[in-house]
Amino acid sequence: MKRVLVSICALLISSALIFAQSSATESSTTDSKENTESTTTDSKDVSDSENSTDENKVNEKNSEDENKTDDDSELEEDDNEEENSSEEYQYEAPKMNQKGDQYIRISLMGSLPINFGGMFNDDSQLQTGGMGTLGYHRFLNSYLAWGIDLGFGYQPTIGSNIFNYIPLMGTFTFQPTIGKMEFPFTVGVGGAVENYLSETYFPGLVVKCDAGMFWRLNPSWSLGAEGSWMCMPQWYSDPKYNYVGYFAEIAISARYHF
């Protein structure tokens, strides 16, 4: 009986030890599993964090590349717009004369009477004379100008006397240009004081047409030559004394531009 009790006690103690050992093993296994899972989770979190950081870096780089691409595109568009604008806008050099430009003209000319008897011979009542003019002109645009001319002319007569006249005319000029060459065409109309011996005729009508060619030396000065036709009629109460005189003129002129 005693042996049976001892055997039972030994069996119980063995069972208890085996159970305790089994419980410890299970606990260790559980802790190891938990640690493994925790380690795995931490590794996963770190990996996710690293991946997230890498993704952020990639996104930032992509964003920078996109911004750079946008900037390059904008620069290209600006360049294209500038090129198109440059193609559309054609530079136009300043014209030689513009609205508001002015000049003063000084002319010295020889005056040939046309219809006072035979020209260039002793039958002519008037001989070759001369005339000087001073004029002010102002451009309305690049081609058109208005002005005022004041002159003094004389013609010797066959009796060695002098026929004098002082014309004052308003003028209108059309002037095309080619390079530095200027070609003024002028029409003037005005009145004149005409004197011969003790007789004075006033007001006398004066009509004059000019054509010239000038070379622009610099922005301030031009030199040239002009040819003119001038008409000066005299009308009296007795028609038999009426007369219309025609004169051809060749001039050398200088103009000061400002």
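Here is what the atoms say, one spot at a time.

This is a predicted model, so local features need pLDDT of at least 70 and side-chain atom pairs count only at pLDDT 80 or more, while totals for chains, interfaces and linings use all residues. Residues are numbered from 1 along each chain as its sequence is written, and side-chain values use heavy atoms, with hydrogens and water left out.

The largest pocket has a volume of about 530 Å³. Of its 20 lining residues, Phe116, Phe163, Tyr196, Gln234 and Tyr236 are the closest to its centre. By residue type the lining splits into 11 nonpolar, 7 polar and 2 charged. (Ala, Val, Leu, Ile, Met, Phe, Trp, Tyr, Cys and Pro count as nonpolar, Asp, Glu, Lys and Arg as charged, and the others, Gly among them, as polar.) Strands E7 (185–196), E8 (199–216), E9 (221–234) and E10 (243–257) each supply at least two lining residues, and E10 gives the most, with 4 residues. Strands here are DSSP runs of at least two residues, numbered from the N terminus.

**Accessibility**

Buried means under 20% relative accessible area, exposed over 50%, and partly exposed in between, using a 1.4 Å probe on protein chains only.

| Residue | Relative accessibility | Class |
|---|---|---|
| Serine 111 | 0% | buried |
| Cysteine 231 | 11% | buried |
| Asparagine 161 | 26% | partly exposed |
| Cysteine 209 | 32% | partly exposed |

Serine 111 belongs to strand E1 (residues 102–113). Its side chain makes a polar contact with the side chain of glutamine 155 at 2.6 Å; a polar contact is a pair of N or O atoms within 3.5 Å, where, within protein, one must be able to donate a hydrogen and the other to accept it, and residues adjacent in sequence count only if both atoms are side-chain atoms. Leaving aside residues up to four places away in sequence, serine 111 also touches others, including Tyr165 and Phe247; contact means heavy atoms within 4.5 Å.

Asparagine 161 sits in the loop between strand E3 (144–156) and strand E4 (162–174). With the sequence neighbours up to four places away set aside, asparagine 161 touches Gln155, Pro156, Tyr196 and Leu197.

**The cysteines**

How many disulfides turn up in the whole structure? The search finds 0, a disulfide being a pair of cysteine sulfur atoms within 2.5 Å. The sulfur of cysteine 231 is too far for a bond, because its closest cysteine sulfur, in cysteine 209, is 9.6 Å away.

Technical notes:
On a 1 Å grid over the protein atoms alone, a cavity is a set of points where a 1.4 Å probe fits but cannot get out, and a pocket is an open set with protein on both sides within 12 Å along at least five of seven lines; lining residues have an atom within 4 Å of a point. Grid points are joined across faces, edges and corners, and a volume is the space filled by probe spheres set on the points.
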